[in-house]
Every structure is written in C-alpha cells, then in structure tokens.
Amino acid sequence: MNRSGYCNEIREGHIGQRVTVCGWVNRRRDHGGVIFIDLRDRSGMVQAVFSPERQPEVHRQAHELRSEYVVRLVGEVARRPQETENPKLPTGMIEIHVDSLEVLNVAQFLPFQLDEEGVGESTRLQHRFLDLRRPEMQHNLQFRHRVTQTVRRTLDEAGFLEIETPMLTRSTPEGARDYLVPSRVNPGQFYALPQSPQLFKQLLMIGGYDRYFQVARCFRDEDLRADRQPEFTQIDLEMSFVVADDVMAVAEQVMGKIFEEALKQSLPLPLPRLTYNEAISRYGLDAPDLRIPLELTDLTAVMRHTGFKVFAQAANQSGNRGGRGLVKALRVPGGAQMTRKQIDDYTEFVAIYGAKGLAWIKLNGPWQEEGWQSPIVKFFSPEEKEAIVAATGAQTGDILFFGADRASIVNESLGRLRVKIGRELNLLNGTPFSFVWVTDFPLLDWDNEARRHVAVHHPFTAPVLADLQRLDNTAMAEESHLDEVRSQAYDLVLNGTEIGGGSIRIHDPALQQKMLALLGIEAAEAEEKFGFLLRALEFGAPPHGGLAFGLDRLVAILLGVDSIRDVIAFPKTQKAGCVLTQAPSSVDPLQLRELHLRSTYQPKG
RNA sequence: GGGGGUGUAGUUCAGUCGGUUAGAACGCCGGCCUGUCAAGCCGGAGGUCGCGGGUUCGAGCCCCGUCGCUCCCGCCA
C-alpha cells in the first residue's frame with residue numbers, strides 16, 4: 001500500500017495509529033526547531049509535525065521541503081496540544097508526528113500562489129495543472145462529477161440506456177456553424193463534429209431503444225461568451241411513446257435527484273410553468289428570472305391616441321409577432337430615488353438591444369398634484385396619466401421606465417433592464433434557485449435577412465396539434481398565420497438562464513417534409529441532407545420526444561460561479577484557443593497533402 | 001463583423017500635471033527562530049512598463065497601429 005488514506009480522512013478516532021499519507025506540501029512553517037507542513041491532497045489538508053527530538057534526521061530533511069513538493073510520509077496520529085487546535089480545518093484537532101519522509105518529486109517555485117485570490121484567468125489557464133490543484137477547482141470538478149453520476153444512476157433506474165453516437169458525422173443545414181474534419185480516404189469530403197446528437201437519438205427511437213440518454217460532447221463553431229464554449233457537454237435524452245409532460249416529468253425527477261445528492265437540498269416538484277407568450281408579455285424574455293419581483297405592463301392600448309408621438313406611433317404600428325409596435329412600462333418600486341447618472345446608464349444599457357431611448361417618470365408625489373418628474377409627462381392627458389397609474393399600479397416613490405418600438409426591441413430591452421435593475425438593487429427574493437418551464441414556443445420565426453422562416457427550436461420539432469391546419473392553408477406566403485403556430489417545445493430556465501430544452505419530434509414523414517418545405521429547403525436538398533431521417537420515419541417511427549440539459553451551465557449556476565470555464569477542466573479562451581496546449585496550431589504540410597488540403601490564408605504584413 | 005474593459009516584478013496592484021534611480025504587498029533566495037497554521041524577525045535578488053511606431057529636451061503616462069485576455073451585441077435551431 002502506498003498510503004493508508006486521504007489527508008482529510010484522519011480524525012480523533014485515529015489518534016495513536018500509524019498512517020501513511022501522500023500529497024503536496026501546501027505550506028511549510030519552519031520554526032528552526034519544530035517544522036510544520038500542511039499536506040494537501042484532493043480531499044483536504046492535514047498538519048504534519050517534524051520535531052528534532054523525535055527524528056533528527058527526518059527533521060533535517062524537512063528543512064528542504066518547499067511548496068508543492070510531492071511527499072509521502074509515515075507517522076503517528078496525535079491529539080494536538082491544548083490551545084493549538086485549528087477549528088478552521090476538519091483535521092484541526094489532530095496532527096501527524098512524522099517518523100519518515102520521502103520526497104517523491106520536487107517542484108519549481110510557482111508562477112502563482114495557489115491560495116491567492118484574484119489571479120488572472122490567463123495565468124491560471126497557462127498553468128491549469130496547478131490551478132486544478134486549488135481547493136476551489138477541486139470542489140467544482142468533484143461537484144460536477146457528483147451531478148453526472150447522479151444523472152447516470154437516476155436515468156438508469158428509470159430504464160434509460162446510455163448509448164454513444166458518432167463524433168464524426170455529416171454536416172447538415174440549419175443551426176450553428178460546424179467544425180469540419182477533412183476525410184483522408186474520401187478526398188474533398190468532410191465530416192462535421194456533432195452540434196448535438198439530435199438526429200441520432202431520433203434514429204435510436206426508431207431503432208426501438210425506447211429510452212436513451214448520453215453525456216454528450218457537442219461542438220459549435222460560433223463566437224464565445226461567458227456561458228459558451230466551442231465544445232460543451234449536454235445531458236441528452238430521448239423517449240418513445242410520450243407527450244411533453246412525460247419528458248418534463250423525467251427532467252424534473254433528474255433535477256430533484258441532483259438537488260438531493262449534489263446540493264443536499266430538496267427541490268419542490270413539479271416546477272412552475274409559463275407559456276412563451278406569458279413569459280414575453282410579463283418579463284420580456286423567453287428565459288425569465290423569476291427571483292426578480294418586477295413585471296412589465298403593456299400600455300399599447302392606452303397610448304393609441306396620446307399626444308406623445310413616439311408612443312402613439314409605436315402603439316399604432318402593425319406587423320407580425322416581433323415586428324408590431326408596442327408600448328410597455330417597467331415599474332420599479334422606490335425607484336424615484338435613482339440619480340440622473342443611474343438613469344443615463346440604463347438608457348445606455350437598453351441601447352445595446354436597439355432601444356432608441358428610455359423614457360421615464362419619477363412619481364415624487366400624487367399625479368393629480370403634478371408631483372411627477374419626467375421629460376415626457378407634459379404630453380399626457382389626465383386620462384392617460386390615470387390609465388398609466390391604473391395599469392402599472394404605480395405609487396408615490398416609484399419610477400416607471402417606458403419602451404416604445406417594435407415588440408422585439410421593447411421586450412428585449414425592458415426585459416434585460418428588469419434583470420439588471422433587479423440584480424443591481426438586490427431585489428432577488430425567495431430561493432437561491434428559481435426554476436421555470438417555458439412552454440408553447442412558436443414553431444417558426446421570420447428571418448428578415450434570409451427572407452424565409454427559420455425553426456425556433458429545430459426543424460424536427462412537432463407543432464401543437466391544434467395549430468396544425470395553419471400550416472396547411474398557408475403553405476407559401478401569409479407569414480402572419482405561420483407566426484401563430486405553436487410548437488411542442490419546452491425550455492427549462494434556472495435563474496434567468498436556459499439550462500435545458502427539448503420538444504416532441506415529428507414522427508410523420510409527410511409532416512416532416514412539409515416542415516422542411518416551410519423552411520425553404522427544396523425537396524431535392526431535403527432528400528440529400530436529411531434523406532436518411534425521412535426514410536427512417538417511413539419505417540415505423542414511434543412518437544417520440546426528448547430534451548437536453550447544458551451540463552456546464554447547470555453546474556456553474558448550482559455552484560454560483562460566473563463562468564462555465566470554472567467548471568471545465570481544460571476550457572478554451574474567447575478566441576477558441578487553449579493557452580496550455582497552444583491549440584489550434586499549424587500542422588505539417590505533409591498532413592495537409594494527405595488530406596488534399598491547401599490553406600488560402602495569407603498572414604497580414 | 002461591431003462596442004466596452006484590461007495589459008507595469010513570479011502574482012495582485014499603485015504609479016500625481018509628461019520630469020531625477022518605476023514602488024508596495026505577497027511569493028522567491030539567505031540568515032535567525034521549538035507550537036505555528038496568512039507563523040514571526042533581519043537581509044537580499046527580481047522590471048523588454050504586452051509589442052511596433054510617433055509626438056516631445058524628456059513617455060509607464062499623450063497619439064497611431066498591433067497582439068493577448070475579458071464582457072457584451074451580432075451569431076449560437
């Protein structure tokens with residue numbers, strides 16, 4: 001045996017026993033006489049004591065120890081002397097009196113101190129192997145492990161089979177940009193890395209596996225964010241002979257177990273639900289953070305005839321779902337105390353989302369006595385003021401922010417402002433974790449640049465049956481009809497972030513073909529790109545549906561860390577590079593020749 | 001593709017109005033020290049101020065360019 005156990009397992013019950021422990025020297029405290037070291041491994045730390053009286057030779061050796069040396073030591077567990085216990089450590093009641101010390105490896109002095117806070121991420125990533133030793137990263141990755149193991153066990157017990165799907169697959173239209181892999185044996189042809197196992201899991205349902213899951217790596221070659229990496233992990237699952245409620249119930253069961261086993265908390269089920277329309281109407285976003293007790297109020301009807309042109313124009317503008325005009329208000333209780341600077345900052349903030357301005361009214365007193373402070377209040381009639389008060393429930397001391405523009409701009413800008421204000425003013429209420437299902441997403445969205453419809457979820461999502469006829473009588477034009485078609489898609493939102501999503505899929509080949517046609521994919525192209533799926537649907541495809549969780553995001557939120565890079569062992573930078581391995585890199589010209597490739601890239605200068 | 005932030009010792013940062021030899025803390029190295037746990041005390045070493053150019057008598061500081069990292073918009077079914 002190399003060691004008798006982990007550092008952090010030693011307790012008072014071991015007093016008097018001989019132990020052998022291995023680990024890293026976290027810190028040495030050399031008193032000239034007695035020397036202490038904190039020995040650290042993945043479990044935690046234990047104090048080892050070298051005294052000249054006990055083992056003079058070993059004590060001399062201990063002088064040479066430095067931070068992050070790897071050692072094995074043998075000694076006797078002893079109760080610490082009175083008044084020297086350390087309540088900050090779980091092992092703080094005891095220490096190891098060392099009888100022999102073996103230096104398994106030395107370490108150069110460190111590029112950064114492992115116990116220092118606020119070390120730059122770039123430094124940490126360059127020496128990730130050191131960063132990973134830090135207790136915080138140890139905790140994050142061990143927690144992540146707990147979550148994935150819980151998922152595996154829970155789904156296994158619910159009858160799901162874990163099945164792997166190809167990483168080298170074919171590129172399909174729609175969705176994100178693919179990562180491509182050139183084929184050596186098929187000159188000029190390319191594999192794509194999967195954006196998700198979507199089509200394969202549907203084929204597994206058609207193959208009769210009934211309940212499938214996978215901890216799947218997915219790849220998307222798009223620009224990065226704090227919660228987006230070029231490769232990321234999904235908990236992917238699919239079920240046959242189900243309706244949306246069945247899939248959501250399984251997802252809730254998994255989430256409940258994660259809370260129980262990884263967080264040691266209970267999660268009240270079932271989770272609350274909102275329809276997409278309700279979410280947009282009340283919160284402006286399809287991933288609302290329900291911890292924030294603010295809502296948007298629709299004032300469009302009230303503002304149709306107002307003397308304030310900006311509002312009147314928006315209120316009377318017609319269009320389809322996101323394009324019609326809208327006037328909405330966000331009421332912030334107590335917000336009348338905001339400074340001009342704050343309001344200017346918020347105005348700048350909403351501009352990011354296309355808002356041309358941010359109208360506001362401070363209610364310093366009752367409206368009848370002109371106690372309103374605002375650049376726009378002079379345009380409103382007494383009736384309009386009364387209607388604003390009635391609709392928003394505004395009270396003295398509040399501030400109202402207004403958005404008037406296309407619906408998509410008003411909802412997004414006020415929706416984001418709601419979140420920003422809620423977090424900045426510390427209005428978050430209730431539990432630290434707030435879940436909500438968002439259901440009944442629209443099936444299609446109009447892409448103004450491409451001049452065609454695109455799938456809101458993906459092209460295999462089934463419409464709500466009651467809306468099916470709208471697809472028929474509007475095969476070509478009549479966009480507005482198509483805008484009203486709902487899909488059987490659902491997202492799970494946690495604290496304002498989408499952490500999972502899925503849908504009931506189309507299992508009828510005719511409907512699938514019609515769907516592809518609506519997306520502007522010609523029959524020939526559909527056959528070429530999706531023929532394997534269309535054919536499979538013709539051979540007894542069961543009704544099926546599923547869902548995928550973004551594991552990185554989920555773990556990050558549960559741990560309360562800001563970036564998913566802190567829950568990934570070897571993440572990439574914003575330019576999709578790895579500072580540790582220097583990937584991506586140029587390759588030997590011979591490799592390119594074998595792949596029948598030549599780069600057209602011309603370095604600048 | 002666009003907007004914001006940032007880059008000074010190994011690390012985290014300070015650096016005034018453009019002005020003498022660029023500082024601090026921690027770390028590192030050496031010495032002292034027998035109950036510390038962010039050990040303590042004394043001493044020491046350590047800088048291409050991201051890189052390139054410009055303005056100036058003089059640039060860490062101003063200007064232009066460029067690179068890295070980061071946050072956001074677009075994009076990401």
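**The inside of the chain**

Reply: In the largest nonpolar core, which has 68 residues, Met255, Ile258, Phe435 and Leu558 touch the most other members. Eleven residues of this core, the largest share, come from helix H6, residues 244-263. Please keep in mind that this is a predicted model.

Me: What does Met255 touch, if I skip residues up to four places away in sequence?

Reply: With those set aside, Met255 touches Leu267, Phe435, Leu492, Ile499, Phe549 and Leu554. Apart from this core there lies another one, of 25 residues, and Val332, Ile399, Leu417 and Ile421 are among them.

Me: OK, and how much of chain A counts as buried?

Reply: Of the 605 residues of chain A, 48% count as buried. The secondary structure of the chain comes to 17 helices and 22 strands, and the C-alpha trace spans about 95 × 75 × 60 Å along its principal axes. If you take the contacts between residues at least 6 apart in sequence, 69% of them join residues at least 24 apart.

Me: Switching to strands, how does S1 pair with S4?

Reply: Strand S1 (residues 18-30) and strand S4 (residues 70-79) run antiparallel and are joined by seven bridges, and within this pairing Thr20 has Val74 in S4 as its bridge partner. S1 is also joined to strand S2 (residues 35-41), again antiparallel, by six bridges, where Arg28 has Ile37 in S2 as its bridge partner.

Me: What sits between S1 and S2?

Reply: The two strands form a hairpin with four residues between them, and in that turn Gly32 has a positive phi of about 85 degrees.

Me: I clicked on Val70. Is it buried, partly exposed or exposed?

Reply: Val70, which has its place in strand S4, counts as partly exposed because its relative accessibility is 22%, and the cut-off for buried is under 20%. Leaving out residues up to four places away in sequence, Val70 touches Gly23, Trp24, Glu102, Val103, Leu104 and Asn105.

Me: And what about Thr91, buried or exposed?

Reply: Thr91 is found in the loop between S4 and strand S5 (94-105), and it counts as buried because its relative accessibility is 1%. Its contacts, leaving aside neighbours within four places in sequence, are Cys7, Asn8, Ile10, Arg11, Met45, Val46 and Arg80.

Me: Which parts of the RNA are within 4 Å of the protein?

Reply: Of the RNA strand B atoms within 4 Å of the protein, 54% belong to sugar or phosphate, while the rest belong to bases. On the base side, a polar side-chain atom of Arg29 lies 2.6 Å from a base oxygen, and a side-chain N or O atom of Asn86 is 3.1 Å from a base oxygen. For the phosphate, a polar side-chain atom of Thr573 lies 3.0 Å from a phosphate oxygen.

Me: Back to sheets, what is the strand order in the open sheet of eight strands?

Reply: The order is S6-S9-S10-S22-S21-S20-S17-S11, and the pairing is mixed. Strand S6 (161-162) and strand S11 (273-275) are the edge strands, each pairing on one side only. Inside the order, strand S20 (residues 489-494) and strand S21 (residues 497-504) pair in the antiparallel sense over six bridges, with Ala489 standing opposite Ser503 in S21.

Me: Last one: which residues of helix H14 are buried?

Reply: In helix H14 (residues 509-518), the buried residues are Pro509, Leu511, Gln512, Met515, Leu516 and Leu518. At the start of the helix, a side-chain oxygen of Asp508 reaches to within 3.0 Å of the backbone nitrogen of Ala510. After H14 comes Gly520, which has a positive phi near 80 degrees.

Terms used:
Residues numbered from 1 in each chain as written. Chains lettered and ligands numbered in written order. Predicted model: local features only at pLDDT ≥ 70, side-chain atom pairs only at ≥ 80, totals over all residues. Heavy atoms only, no water. Core = buried A, V, L, I, M, F, W, Y, C linked by side-chain atoms within 4.5 Å. Buried < 20%, exposed > 50% of the residue type's maximum accessible area, 1.4 Å probe, protein only. Contact = heavy atoms within 4.5 Å. Pairing = 2+ DSSP bridges. Near = heavy atom within 4 Å. Polar contact = N/O pair within 3.5 Å; in protein donor to acceptor, adjacent residues only side chain to side chain.
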